Amino acid sequence: FYHRVYMGRLIYRSSLFIKENNMRIKNKGKAKEWLRAVIDAAVILLIMFVFLWPTKVEGVSMCPSVNDNDRVAICRFAAFADMYGRGDLVVFDMDDYKENMIKRIIAVGGDTVLIKDGNVYVNGELVHEDYIQCYTDGYVYMSVPTDSVFVMGDNREKSIDSRRFGTVKKDDIYGKVLLRYFPFNKITIFG
């Protein structure tokens, strides 16, 4: 009889031990699932931060290409790697203005810009700008420093741009605009 009670207690304790170990294994499995989910989320956020960062357009200086309250996705990697050029839309910071600006690159470092009689010339050649619908006023003649770009808004009459504040340093550029994703009926992929 004593032997049966002892065996019963031993079996009972063994079953408790097995249950505790199974719970530990299940908890380790759940912990691994959570860890994997956190790592996946971090990778997705990193990819979004580098390649597709959402930005809201504020103002009308880039109409009709992008409008006030449009949402665009910028590639921050393009800014890190200097993967932008003439004609590209970029988002940058200007210290004198509270919001980030979005403008089109007209000239890059080493170029000479001439704005005269409503026309824009880069390195002596007339720039054909089918994306603007108004007159380019002002007179500008300048060489763009190698560490900078010359930018203008597509809505030249309403744009505060390099004609007013000068060139933009490459270090101030956050990213290149890749995509307008809102409003949905105007989804556009930019070059």
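Predicted model: local features only at pLDDT ≥ 70, side-chain atom pairs only at ≥ 80, totals over all residues.
The largest pocket holds about 350 Å³ of space. It is lined by 18 residues, and those closest to its centre are Glu-58, Gly-59, Ser-61, Glu-99 and Asn-100. Two elements, strand S1 (53–56) and strand S4 (101–108), each give two or more residues to this lining. The most comes from S4, which supplies three residues. Sorted by class, the lining consists of nine nonpolar, five charged and four polar residues.

Val-57 is placed in the loop between S1 and strand S2 (71–75). Its relative accessibility is 3%, so Val-57 counts as buried, the limit for this class being under 20%. Apart from neighbours within four places in sequence, Val-57 is in contact with Val-66, Asn-67, Asp-68, Asn-69, Asp-70, Val-72 and Ile-102.

The model contains eight salt bridges. One of them joins Arg-86 to Asp-111, with 2.8 Å between the closest N and O atoms. Arg-86 belongs to the loop between helix H2 (76–80) and strand S3 (89–92), and Asp-111 to the loop between S4 and strand S5 (112–116); the pair therefore ties together parts that are 25 residues apart in sequence. The two partners fall into separate accessibility classes: Arg-86 counts as partly exposed because its relative accessibility is 48%, whereas Asp-111, at 5%, counts as buried.

A salt bridge is also formed by the side chains of Lys-176 and Asp-88, with an N to O distance of 3.6 Å. This pair links distant parts of the chain, since Lys-176 is in strand S11 (residues 173–182) and Asp-88 is in the loop between H2 and S3, 88 residues apart. Lys-176 and Asp-88 are both buried.

Arg-104 and Asp-154 likewise meet through their side chains in a salt bridge, at 2.8 Å from N to O. Here too distant parts of the chain are linked: Arg-104 is in strand S4, and Asp-154 is in the loop between strand S9 (148–152) and helix H3 (162–165), 50 residues apart. Arg-104 has a relative accessibility of 8% and so counts as buried. Asp-154 is buried as well, because its relative accessible area is 0%.

Conventions
Residues numbered from 1 in each chain as written. Heavy atoms only, no water. 1 Å grid on protein atoms, 1.4 Å probe; cavity = no way out; pocket = protein on both sides within 12 Å on 5 of 7 lines; lining within 4 Å. Points joined across faces, edges and corners; volume = space filled by probe spheres on them. Helix = DSSP H or I, 4+ residues; strand = E, 2+ residues; numbered from the N terminus. Nonpolar A, V, L, I, M, F, W, Y, C, P; charged D, E, K, R; others polar. Buried < 20%, exposed > 50% of the residue type's maximum accessible area, 1.4 Å probe, protein only. Contact = heavy atoms within 4.5 Å. Salt bridge = Lys/Arg side-chain N within 4 Å of Asp/Glu carboxyl O.
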